[in-house]
Each structure stands twice: as C-alpha cells, then as structure tokens.
Amino acid sequence: MSRHTVAVALLCAGTAVLLLAALAVAVLPGPYLRLHALSPAAALGAPLVALALAVDTGPGRAAVKLLVIGLLLAAGGTVTTMAIGRATVRAEQRSDREDAR
C-alpha cells in the first residue's frame, strides 16, 4: 500500500468526522449536546487530517511539524471543549441567580 493511499484514507476519515460533527452541531438542540458533538471533531477529526498531511509529505521536517500540529490540535481541542462546558455552566448559574431575584 502506497503512502499516498494511506494519506487519502486518513484524510477521508478525518473529513468524515468533521462533517458529521458539523451536521450534529446544526441538528442537535442545546449547548451540551452540541458541545458533545464537537468533541470528536476537535480530538479526532482535525488530528487525522494533520496526520494525513504528514504521511503524504513523507519523512522530514515538514512531517514532524505537521505531527506536532496534530498533537496540539488533539490536546487543545479537549481543553477547549472543557473550558466551553465550564463557561456554559457558569453562565447558566448566573442566569438562574438573576431569575431568582
């Protein structure tokens, strides 16, 4: 199996995850369900695309940079998802307190 074939397979998988997550965000009601749908896109979709680019580039400096970007996307996406979830909970708590007044 050639390097290009593997790269195309990884790219198709990453793109499918990103498209499904985008569709889920458009369809699902409520912030928590949408946040749940975005988590795989951030943790899996974007890193798969970066991995596909690294595989297609071949060994070398560019591939290492792309792999680092993929790792940063995977870690940063998870952290961002948690931060958005916490901000949503805090905003709802503030809203509930203001409604109680």
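Predicted model: local features only at pLDDT ≥ 70, side-chain atom pairs only at ≥ 80, totals over all residues.
1. Is Ala-87 buried, partly exposed or exposed? Ala-87 counts as partly exposed, because its relative accessibility is 43%.

2. Start with helix 3 itself. The helix runs over residues 61-100. It has 40 residues. From its first C-alpha to its last it reaches 58 Å, close to the 58 Å expected at 1.5 Å a residue. Ala-87 and Arg-97 are 10 residues apart in sequence, and their C-alpha atoms are 15 Å apart in space. Asp-96 and Lys-65 are 31 residues apart in sequence, with 46 Å from C-alpha to C-alpha.

3. Which residues of helix 3 are buried? The list is Ala-63, Leu-66, Gly-70, Gly-77, Thr-81, Gly-85 and Thr-88. These buried residues pack against helix 2, which spans 31-57. Asp-96 is also placed in helix 3.

4. The cut-off for buried is under 20%. Setting aside residues up to four places away in sequence, Thr-88 touches Pro-31 and Tyr-32. Its side chain also reaches the backbone oxygen of Ile-84, at 2.8 Å.

5. Thr-81 is another buried threonine of helix 3. Here the relative accessibility is 16%, so Thr-81 counts as buried. What does Thr-81 contact, leaving aside its neighbours within four places in sequence? The partners are Leu-35 and Ser-39.

6. Now helix 1. This element covers residues 3-27 and has 25 residues. The distance from its first C-alpha to its last is 36 Å, close to the 36 Å expected at 1.5 Å a residue. Its buried residues are Ala-7, Leu-10, Gly-14, Val-17 and Ala-21. They pack against helix 2. The buried residues of helix 3 pack against helix 2 as well.

7. Two C-alpha separations can be checked quickly in the viewer. Ala-22 lies in helix 1. Ala-22 and Ala-41 are 19 residues apart along the chain, and their C-alpha atoms are separated by 8.3 Å. Leu-53 is found in helix 2. For Leu-53 and Val-8, 45 residues apart along the chain, the C-alpha separation is 9.0 Å.

8. What are the accessibility classes of these two residues? Ala-22 has a relative accessible area of 45%, so it is partly exposed. Leu-53 has 43% relative accessibility, so it counts as partly exposed.

9. Which residues make the nonpolar surface patch of about 320 Å²? The patch is made by Leu-20, Leu-23 and Val-27. Val-27 is placed in helix 1. Val-27 counts as exposed, because its relative accessibility is 59%.

10. To recap the packing: the buried residues of helix 1 pack against helix 2, and so do those of helix 3. Thr-88 is one of the buried residues on helix 3, and its contacts include Pro-31. Thr-81 is also among them, with Leu-35 as one of its contacts.

Conventions
Residues numbered from 1 in each chain as written. Heavy atoms only, no water. Patch = residues over 30% accessible without salt bridge, like charges linked within 9 Å, V, L, I, M, F, W, Y side chains within 5 Å. Areas by Shrake-Rupley, 256 points an atom, 1.4 Å probe, with all protein chains shown as cover. Salt bridge = Lys/Arg side-chain N within 4 Å of Asp/Glu carboxyl O. Helix = DSSP H or I, 4+ residues; strand = E, 2+ residues; numbered from the N terminus. Buried < 20%, exposed > 50% of the residue type's maximum accessible area, 1.4 Å probe, protein only. Polar contact = N/O pair within 3.5 Å; in protein donor to acceptor, adjacent residues only side chain to side chain. Contact = heavy atoms within 4.5 Å. Expected span 1.5 Å × (residues − 1).
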